[in-house]
Structures are given as C-alpha cells and as structure tokens.
Amino acid sequence: MSRGVEWAMHVVLSLAWVDDDCPVSTAALARSYDLPAPYLNKQLQALVRAGILSSVPGAAGGFVLTRSAKHISVLDVVTAIEGAEEAFRCTEIRAQGVGANMPASQLSMPCAVSMAMRKADLAWRRELAAQSVDDVRVEAERHAPGIAERMRQAYDRT
C-alpha cells in the first residue's frame with residue numbers, strides 16, 4: 001500500500017475529531033502532519049471522488065466528511081486511494097516453462113497460488129470493511145488520551 005493510505009486515514013480521523021461542518025484547508029491538514037500539501041491534495045481529491053469527503057471552495061474552504069465516521073469503513077478509504085483491484089494478479093505462469101506442455105485440462109482448474117492469494121485478499125478486505133473510521137478513532141483515543149482535544153485545537157476548534 002502507498003503512503004497515501006496512511007495519510008488519507010489520518011486526515012479522515014482528523015476530520016472526525018473536528019466533527020463540525022466547518023471545512024479544514026489542505027494547508028492546515030498538511031501542516032498538522034508535516035506533509036507536502038500538493039501531494040496530500042491528490043489524496044484528498046481521491047477521497048472526494050469516493051464520496052468520503054466534500055470539497056468546499058473559497059477562501060474559507062477546505063474539506064469535510066460527507067457522513068459520520070461510523071459510516072465510513074477503513075476499506076472505503078483504502079479503496080479510494082489504492083483502487084478496487086485485487087492485490088494479486090494471476091498471469092498464469094504455470095502454463096510457461098516446464099508447464100508449457102501441460103494438458104489443457106490441468107490448466108482449466110483454478111491455480112492453487114491464485115486461489116490462496118484471492119482467499120487472503122478477501123479476508124483482508126472483509127477485515128477492513130468490518131472496521132469503521134470511528135472504530136479506529138476510538139482505538140486511537142485509547143492509545144493516546146487527549147488526542148481528540150489536541151486535534152481540535154490544531155484546527156482552531158476549541
């Protein structure tokens with residue numbers, strides 16, 4: 001996974017902590033994590049296209065969550081940044097090299113490697129889909145008491 005997923009998750013968490021309808025600018029979000037604003041903006045736009053964030057134009061504009069953090073899964077964020085493709089792509093190399101002369105009937109059976117990878121991918125996606133951003137927020141607050149207030153202060157929401 002790219003660093004963009006980590007960045008996107010932290011931004012979505014930040015907006016969940018702010019928990020108001022006032023947008024937070026790209027510059028403020030980037031500054032709070034010491035990230036390059038132009039690259040972060042690409043992640044933010046991907047989250048907008050996925051319907052996770054809404055972009056508010058203007059001098060006081062920025063980004064807000066489109067729905068409650070309880071209704072945004074971790075998989076939603078990952079998919080917004082990485083896309084919906086499976087992590088593993090079978091290219092049927094078993095039909096090359098020593099397998100080039102394998103009977104067609106053996107190649108018609110699903111590849112055991114592909115099946116194992118797809119099974120793992122499905123388990124991973126189910127786990128991410130089962131966790132909401134709010135679940136992650138609660139866990140983050142358990143590990144770092146006071147983080148919610150520090151984030152609200154960082155975005156002038158005291």
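**Exercise 1. Packing of H1 and H7**

Task: In this predicted model, what is the angle at which H1 and helix H7 (residues 133–143) pack, and how far apart are their axes? Which residues in H1 and H7 meet?

Solution. Step 1: the two helices pack at an angle of about 80 degrees, and their axes lie 10 Å apart. Step 2: angles of 65 to 115 degrees count as roughly perpendicular, so H1 is roughly perpendicular to H7. Step 3: on the H1 side, the residues are Met9, Val12, Leu13, Ala16 and Trp17. They meet Val133, Val136, Arg137, Ala140 and Glu141 in H7. Step 4: by residue class, the contact of H1 with H7 divides into eight nonpolar, no polar and two charged residues.

**Exercise 2. The aromatic pair**

Task: How many aromatic pairs does the structure hold, and why is the pair of tryptophan 7 and tyrosine 39 classed as stacked, tilted or edge-to-face?

Solution. Step 1: the structure holds one aromatic pair. Step 2: the ring centres of tryptophan 7 and tyrosine 39 are 5.0 Å apart, with the planes at 85 degrees. Step 3: planes over 60 degrees apart count as edge-to-face, so the pair of tryptophan 7 and tyrosine 39 is edge-to-face. Step 4: the pair links distant parts of the chain, 32 residues apart. Tryptophan 7 belongs to helix H1 (residues 3–18), and tyrosine 39 to helix H3 (residues 37–49). Step 5: tryptophan 7 has 9% relative accessibility and counts as buried, whereas tyrosine 39, at 34%, counts as partly exposed.

**Exercise 3. Glutamine 43**

Task: Is glutamine 43 buried or exposed, and which residues is it in contact with, leaving aside neighbours within four places in sequence?

Solution. Step 1: glutamine 43 is placed in helix H3. Step 2: its relative accessibility is 7%. Buried means under 20%, so glutamine 43 counts as buried. Step 3: with neighbours within four places in sequence left aside, glutamine 43 is in contact with Gly4 and Ile81.

**Exercise 4. Cysteine 90 and cysteine 111**

Solution. Step 1: the number of disulfides is zero. Step 2: the closest cysteine sulfur to that of cysteine 90 is in cysteine 111, at 4.6 Å. Step 4: cysteine 90 is partly exposed at 27% relative accessibility, while cysteine 111 is buried at 14%.

**Exercise 5. Glutamate 82 and glycine 51**

Task: Where is glutamate 82 found, and what is the place of glycine 51? Which residues is each in contact with, leaving aside neighbours within four places in sequence?

Solution. Step 1: glutamate 82 is in helix H4 (residues 74–82) and, at 37% relative accessibility, counts as partly exposed. Step 2: leaving aside neighbours within four places in sequence, glutamate 82 is in contact with Met1, Ser2 and Val5. Step 3: phenylalanine 63 is 19 residues from glutamate 82 in sequence and 20 Å from it in space, C-alpha to C-alpha.

Step 1: glycine 51 sits in the loop between H3 and strand E1 (53–56) and is partly exposed, with a relative accessible area of 27%. Step 5: the C-alpha atoms of glycine 51 and threonine 66 are separated by 6.7 Å, at 15 residues apart along the chain. Step 6: with neighbours within four places in sequence left aside, glycine 51 is in contact with Thr66 and Arg67.

Note on methods. Residues numbered from 1 in each chain as written. Predicted model: local features only at pLDDT ≥ 70, side-chain atom pairs only at ≥ 80, totals over all residues. Heavy atoms only, no water. Phe/Tyr/Trp six-rings, centres within 6.5 Å; stacked < 30°, edge-to-face > 60°. Helix = DSSP H or I, 4+ residues; strand = E, 2+ residues; numbered from the N terminus. Buried < 20%, exposed > 50% of the residue type's maximum accessible area, 1.4 Å probe, protein only. Contact = heavy atoms within 4.5 Å. Disulfide = S-S within 2.5 Å. Axes fitted to C-alpha atoms, helices over the stretch in contact; angles between N-to-C directions. Parallel < 35°, antiparallel > 145°, perpendicular 65-115°, else oblique. Nonpolar A, V, L, I, M, F, W, Y, C, P; charged D, E, K, R; others polar.
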